[in-house]
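Please open the structure in your viewer and keep the selection tool at hand. The stops below go from the sheet to the pockets.

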Amino acid sequence: MTEVDGQRLSLGEGDHDPHFEPIISLPEVIVPTLEEEETVLHKVRAKLFRHDKDSKEWKERGTGEAKLLFNEQNKTVRVLMRRDKTLKLCANHYVMPDMILKPNCGSDRAWVWSTQADAADGSPKSEILAMRFMNADAAKKWKEKFEEAKSLVQKTLDDEKEDDTVEKNDDEVSTSPSISEDEDEDSEVIDKVQSLTIKEPDNDSKKEEDVLVKNDTKEENSIVKHDSNNHEDNKTEAEVQQQ
């Protein structure tokens with residue numbers, strides 16, 4: 001038995017704290033991190049700094065776990081780093097083939113690089129970043145994985161460029177002039193007309209035609225002459241009757 005505020009409480013083995021159900025039950029809220037569809041290529045603890053252009057000084061952005069994340073669908077790799085405890089972003093940008101890691105003041109455990117679009121603060125902006133690792137081995141490993149990420153992105157860009165070239169060639173072939181069905185029909189008609197063109201008669205057929213013309217002429221002359229004779233005979237008979 002013990003006494004608290006004038007009350008005697010028993011702390012025996014059968015005593016236990018009472019449990020009260022909450023009046024309002026709050027469902028668990030799952031907050032997406034946009035990392036669900038990405039694969040971690042490499043992660044390491046480090047401290048990140050950014051170079052302030054106005055003061056021309058290095059300012060600490062935070063300490064936490066830096067990651068290289070690969071998106072299988074988009075074939076992209078980005079650098080993502082969150083601060084310890086608060087998990088607030090302090091680095092968030094894509095890895096590009098033209099990025100170069102340089103030693104910081106000759107140190108073997110720090111790298112400096114620049115990015116044109118870091119979105120850690122919400123809106124993309126140009127930044128010069130420096131990352132310091134716990135030892136030289138961790139820094140060396142980060143550089144190796146960073147270079148692998150650059151190669152992966154470069155391969156993706158080359159494949160996209162090749163696909164664009166193939167599509168462009170296909171479009172040129174499909175838009176090139178081709179013979180339509182109407183043109184095919186016109187060509188067929190022209191061929192038939194050419195086949196029906198009158199040919200020059202040869203010498204034998206020419207002679208036969210001349211003979212036929214002469215015979216027709218003779219027949220016509222004889223018919224005319226016969227008609228004139230009959231007319232004269234009829235005239236003579238009429239004169240005789242008048243007399």
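What follows is a short tour of a predicted model.

**Stop 1: the sheet.** Begin by selecting the strands in the order E6-E5-E4-E3-E9-E8-E7, which make up an open sheet of seven strands with antiparallel pairing. Now colour strand E6 (89-94) and strand E7 (102-103): these are the edge strands, and each pairs on one side only.

**Stop 2: E8 and E9.** Select residues 110-118 for strand E8 and residues 125-133 for strand E9; the two run antiparallel and are joined over seven bridges. To see one of the pairings, pick serine 114, whose bridge partner in E9 is isoleucine 128.

**Stop 3: the largest pocket.** Select Tyr94, Met99, Thr115, Gln116 and Ala117, which lie nearest the centre of the largest pocket among its 15 lining residues. The elements giving two or more residues to this lining are E6 and E8, and E8 gives the most, with five. The volume of the pocket is about 270 Å³. By class, its lining holds eight nonpolar, five polar and two charged residues.

**Stop 4: the second largest pocket.** Which residues line the second largest pocket? Select Thr33, Leu34, Glu38, Asn71, Asn74, Thr76, Arg78, Leu80, Arg82, Leu89, Asn92 and Tyr94. Strand E5 (76-83) and E6 each supply at least two residues of this lining, and the largest share, four residues, comes from E5. Four of the lining residues are nonpolar, five polar and three charged. The space in this pocket is about 160 Å³.

Terms used:
Residues are numbered from 1 along each chain as its sequence is written. This is a predicted model: local features need pLDDT of at least 70, side-chain atom pairs count only at pLDDT 80 or more; totals for chains, interfaces and linings use all residues. Side-chain values use heavy atoms; hydrogens and water are left out. Two strands pair if DSSP finds at least two bridges between them. On a 1 Å grid over the protein atoms alone, a cavity is a set of points where a 1.4 Å probe fits but cannot get out, and a pocket is an open set with protein on both sides within 12 Å along at least five of seven lines; lining residues have an atom within 4 Å of a point. Grid points are joined across faces, edges and corners, and a volume is the space filled by probe spheres set on the points. Ala, Val, Leu, Ile, Met, Phe, Trp, Tyr, Cys and Pro count as nonpolar, Asp, Glu, Lys and Arg as charged, and the others, Gly among them, as polar.
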